[in-house]
Amino acid sequence: TLRKPISQSSMADWASKNLNMHTQGIFRRRISISNMLSWNGGSIKKPMLITSNRTIKKEACEMFKLVQSYMGDRQTRMDRNHVALVTVTKCWSMQGLRDELYIQLIRQTTDNTCYRSLAWGWELMAISLAFFSPSPKFQSYLEGYIYRHLDSDANIAQRIKELMDMKNKKNSKSRKKRKQNTEDEGLPISTYAKYCYRKLQKVAITGGKKGLRKPTVEEITHARNAIVTPSLFGSSLEEIMLRQQDMYPGNKLPWVQTQLSQQVLALGGEQTEGIFRIPGDIDEVNALKLQVDQWRIPNSLSDPNVPASLLKLWYRELEEPVIPQQFYKECISNYENPDAAVAVVQLLPELNRLVLCYLIHFLQIFAQPSNVGRTKMDVNNLAMVMAPNCLRCQSDDPRVIFENTRKEMSFLRMLIVHLDTSFIKGLV
């Protein structure tokens with residue numbers, strides 16, 4: 001969990017210590033912090049953030065042009081998807097560029113008088129957060145900036161109007177006028193901000209895209225679409241069920257849960273040594289995740305560890321765990337009592353109860369002695385790998401986390417051994 005957003009004065013203090021102050025004119029006058037953090041139509045000759053890395057210094061200036069190109073403020077022959085891909089790949093490959101990109105986007109979305117450019121800047125920030133997080137040092141600053149825009153639509157429209165009035169007074173006969181548009185073109189800025197705020201909290205914990213394969217155009221498109229269409233990963237169970245309403249109106253369970261579970265079994269997962277313990281190839285898992293989010297299960301799967309890893313990820317990334325937070329204390333209090341543990345399940349909201357019972361029924365297949373002999377994953381091992389995906393300890397104290405981990409495992413073990421899930425057979 002992140003700290004509360006830092007205050008405006010703290011953000012100003014951070015900027016004064018970390019910004020690489022630019023100069024202008026023949027007397028090399030220093031540009032003020034407010035100008036350094038306001039939209040700029042020209043290029044930059046050095047990075048926004050202080051760095052001693054020569055490669056970062058060079059790449060940062062080129063990246064600023066890419067940001068301007070994506071936002072429509074600089075002409076380019078590349079389409080916007082390709083601009084985003086080049087930008088994201090640079091930062092994904094080079095960690096030192098990530099904070100630089102986010103501060104550049106903060107600059108170009110501050111006092112920007114073109115609404116379309118402004119929206120595209122926020123869009124690029126949302127796409128970037130799907131691939132990598134800012135550094136811990138910069139995280140609070142970025143969160144503070146996004147937080148200030150959660151309910152900012154009226155203020156933004158007013159600010160654009162004020163800036164335009166000032167500009168028109170100063171330069172009524174300007175030879176080259178930038179296209180002005182204060183009308184809503186696309187989504188309100190608050191929609192992007194709310195998405196970015198949630199995404200930042202998740203990516204700060206997960207770290208973003210893993211694996212060796214570089215980002216792809218498909219992943220860029222998927223990240224953009226996720227702003228409007230919630231992903232099947234990282235959403236709440238209610239959102240997921242709402243999203244599948246059109247395609248599978250009669251389903252009582254999330255399609256992604258049942259499909260991935262069935263894939264694990266179809267590929268012989270219950271006879272595979274180390275299933276759920278040995279991770280599938282991360283790049284294959286990423287590729288499958290992209291397909292599943294488009295309601296597709298490829299026929300080319302051969303390793304049951306791939307859908308098994310993605311299934312664990314789906315449970316782990318749920319916005320709220322399968323067992324909601326308000327039931328957590330009751331679970332760890334009844335980790336040795338079979339009847340009390342089963343009673344907790346009956347108290348869960350109906351959707352959570354069904355999803356949990358489906359998972360337990362699925363794990364009970366692997367807990368059968370005939371399968372344990374092949375998988376080497378007995379009920380204790382199954383509980384150990386799955387408990388963190390169902391229960392989330394909110395404490396920051398390492399001792400409490402350590403102690404509760406044991407209780408979480410024991411609670412899930414009680415359910416695998418004692419919960420009657422026979423009613424779940426055939427349910428989808």
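**Ground rules.** I take the model as predicted, so local features need pLDDT of at least 70 and side-chain atom pairs count only at pLDDT 80 or more, while totals for chains, interfaces and linings use all residues. I number residues from 1 along each chain as its sequence is written, and side-chain values use heavy atoms, with hydrogens and water left out.

**Entry 1: the domains.** I looked up the domain assignment, whose bounds come from an automatic or database source. Domain 1 covers 8–167 + 188–228, and domain 2 covers 242–426. I found their C-alpha centres 37 Å apart.

**Entry 2: where the domains touch.** I looked for contacts (heavy atoms within 4.5 Å). Eleven residues of domain 1 are in contact with ten residues of domain 2. I then looked up the buried area, meaning the accessible area (1.4 Å probe) that two parts lose on being put together, summed over both. It is about 820 Å² between domain 1 and domain 2, and carbon and sulfur atoms give 52% of that. On the domain 1 side, Lys210, Arg213 and His222 supply 51% of the area buried against domain 2, more than any other three residues.

**Entry 3: salt bridges.** I counted a salt bridge where a side-chain nitrogen of Lys or Arg is within 4 Å of a carboxyl oxygen of Asp or Glu. There are two salt bridges between domain 1 and domain 2. I also looked up the side chains of Glu319 and Arg198, which meet in a salt bridge at 2.3 Å, N to O.

**Entry 4: Thr109.** I found Thr109 in the loop between helix 5 (98–108) and helix 6 (115–129); helices here are DSSP runs (H or I, at least four residues), numbered from the N terminus. Is Thr109 buried or exposed? Buried means under 20% relative accessible area and exposed over 50%, with partly exposed in between (1.4 Å probe, protein chains only). Thr109 counts as buried because its relative accessibility is 5%. A polar atom of its side chain lies 3.3 Å from the backbone oxygen of Ile106. Beyond its neighbours within four places in sequence, Thr109 is in contact with Met71, Leu118, Gly121, Trp122 and Tyr145.

**Entry 5: Ile189.** I found Ile189 in helix 9. Its relative accessible area is 0%, so Ile189 is buried. Not counting residues up to four places away in sequence, Ile189 touches several residues, among them Leu118, Trp122 and Ile156. Ile189 and Asp151 are 38 residues apart in sequence but 8.5 Å apart in space, C-alpha to C-alpha.

Note on methods. Helices (H or I, at least four residues) and strands (E, at least two) are DSSP runs, numbered from the N terminus. A polar contact is a pair of N or O atoms within 3.5 Å; within protein, one must be able to donate a hydrogen and the other to accept it, and residues adjacent in sequence count only if both atoms are side-chain atoms.
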